[in-house]
Amino acid sequence: MAKGAAKQSRKGGKADTPSAEPELLTGSLAPKEATPTLESEIGAEVRRLRKDLDLTVSELGIAAGISAGMLSKIENGSISPSLATLSALAKALNVPIARLFRENGEERDCSFVKAGQGVRIERRGTKAGHLYDLLGHSLGGDVVVEPYLITLKGDAVPYTDFRHAGVEFIYMLSGKVRYRHADRLYLLEPGDALFFDAAARHGPEELIKAPMTYLSVIIYPRRSR
């Protein structure tokens with residue numbers, strides 16, 4: 001009986017078939033971006049232009065002579081609007097109708113900064129000696145990303161009262177610092193990484209080996225219009 005059951009189990013199919021591994025679509029676990037449809041491209045452009053004008057869906061709908069529900073469907077790419085509707089939208093947005101038919105990927109978010117040419121921000125007062133080089137910026141989208149190269153010079157003073165929206169990632173490049181986040185301290189040396197909720201108080205509490213440099217990437221939601 002046991003042998004028969006074992007044979008039946010091996011023949012059983014689904015129970016013994018190893019589950020398929022999910023396909024890795026990128027170098028990370030981030031999903032591969034689907035190819036956008038013409039409807040989704042038009043909808044995204046209408047939404048972007050509407051927000052640039054600080055208009056609500058209802059306000060643009062009234063100006064274009066269409067319902068707010070239909071406009072929402074257009075912006076979500078769930079319907080294919082007629083040429084007459086697109087013409088009315090373009091007129092309400094004060095753009096040529098061709099503007100709504102942008103080629104896929106024409107304006108992807110990209111920021112390039114040559115070495116040594118980042119925007120320099122030098123802190124004063126209690127944050128003297130803290131140098132911030134902004135290495136790029138988000139051009140659009142729902143999330144803002146601010147990458148900084150931070151240098152703490154020999155005359156820098158500790159400061160642990162930074163607080164802001166979003167999350168922050170720190171990667172230590174040189175020097176040694178004891179970094180505070182909320183009620184905990186972390187000794188950061190080259191190669192160490194720290195990722196945290198930036199709403200809690202944080203900052204370098206003990207400057208052990210100067211100069212200290214680290215990459216700081218701050219990510220937070222863009223404020224809706």
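This section describes the confidence, helix packing, aromatic pairs and selected local features of a predicted model.

In this predicted model, local features are reported at pLDDT of at least 70 and side-chain atom pairs at pLDDT 80 or more, whereas totals for chains, interfaces and linings use all residues. Residues are numbered from 1 along each chain as its sequence is written, and side-chain values use heavy atoms, with hydrogens and water left out.

The mean pLDDT of the protein (the predictor's confidence in each residue, from 0 to 100) is 81, and 76% of the residues reach 70 or more. Residues 1-15 have a pLDDT below 50. Beyond near neighbours in sequence, this stretch has 2 contacts in the model, a contact being heavy atoms within 4.5 Å.

Helix packing was examined next. Two packed helices are described by the angle between their axes and the distance between the axes. Axes are lines fitted to C-alpha atoms, for helices over the stretch in contact, and angles run from 0 to 180 degrees between N-to-C directions. Helices (H or I, at least four residues) and strands (E, at least two) are DSSP runs numbered from the N terminus. The axes of helix α3 (residues 57-64) and helix α4 (residues 68-75) come within 8 Å and cross at roughly 105 degrees. That angle makes α3 roughly perpendicular to α4 (under 35 degrees counts as roughly parallel, over 145 as roughly antiparallel, 65 to 115 as roughly perpendicular and the rest as oblique). On the α3 side, V57, S58, L60 and G61 take part, and they meet A68, L71, S72 and E75 of α4. The residues of this contact of α3 with α4 comprise 4 nonpolar, 3 polar and 1 charged. In this classification, Ala, Val, Leu, Ile, Met, Phe, Trp, Tyr, Cys and Pro count as nonpolar, Asp, Glu, Lys and Arg as charged, and the others, Gly among them, as polar.

Helix α4 also packs with α2, at an angle of about 120 degrees and with the axes 7 Å apart. Here α2 contributes E39, G43, A44, V46, R47 and R50, while α4 contributes L71, I74 and E75. The contact of α2 with α4 divides into 4 nonpolar, 1 polar and 4 charged residues. Within helix α2 lies E41, which is buried at a relative accessible area of 18% (buried means under 20%, exposed over 50% and partly exposed in between, with a 1.4 Å probe and protein chains only). The C-alpha atoms of E41 and I74 are 9.9 Å apart, although these residues are separated by 33 residues in sequence.

A search of the whole structure identifies 4 aromatic pairs. The rings of Y132 and Y148 have centres 5.8 Å apart and planes at 85 degrees, so this pair is edge-to-face. Rings of Phe, Tyr and Trp (its six-membered ring) pair if their centres lie within 6.5 Å, with planes under 30 degrees apart counted as stacked, over 60 as edge-to-face and the rest as tilted. Y132 belongs to strand β2 (residues 130-134) and Y148 to strand β3 (residues 143-152), so the pair ties together parts that are 16 residues apart in sequence. Both Y132 and Y148 are buried.

Y179 and Y214 form an edge-to-face aromatic pair, with 6.3 Å centre to centre and 85 degrees between the planes. This pair links distant parts of the chain, since Y179 lies in strand β4 (residues 167-181) and Y214 in strand β7 (residues 202-221), 35 residues apart. Relative accessibility is 2% for Y179, which counts as buried, and 3% for Y214, which also counts as buried. Ring pairs link Y179, F196 and Y214 into a cluster.

Y179 is also among the residues touched by Y186, together with V177, R178, H181 and L194, when residues up to four places away in sequence are not counted. Y186 itself is in strand β5 (residues 184-188) and is partly exposed, with a relative accessible area of 25%. The C-alpha atoms of Y186 and E205 are separated by 9.6 Å, and the two residues are 19 residues apart along the chain.

Several backbone features were also identified. The peptide bond from A210 to P211 is cis, with omega near -5 degrees, and P211 is placed in strand β7. D54, a residue other than glycine, has a positive phi near 60 degrees and is located in the loop between α2 (38-52) and α3. Phi of N94, likewise a residue other than glycine, is positive and near 60 degrees. N94 occupies the loop between α5 (83-93) and β1 (119-122) and, at 70% relative accessibility, counts as exposed.
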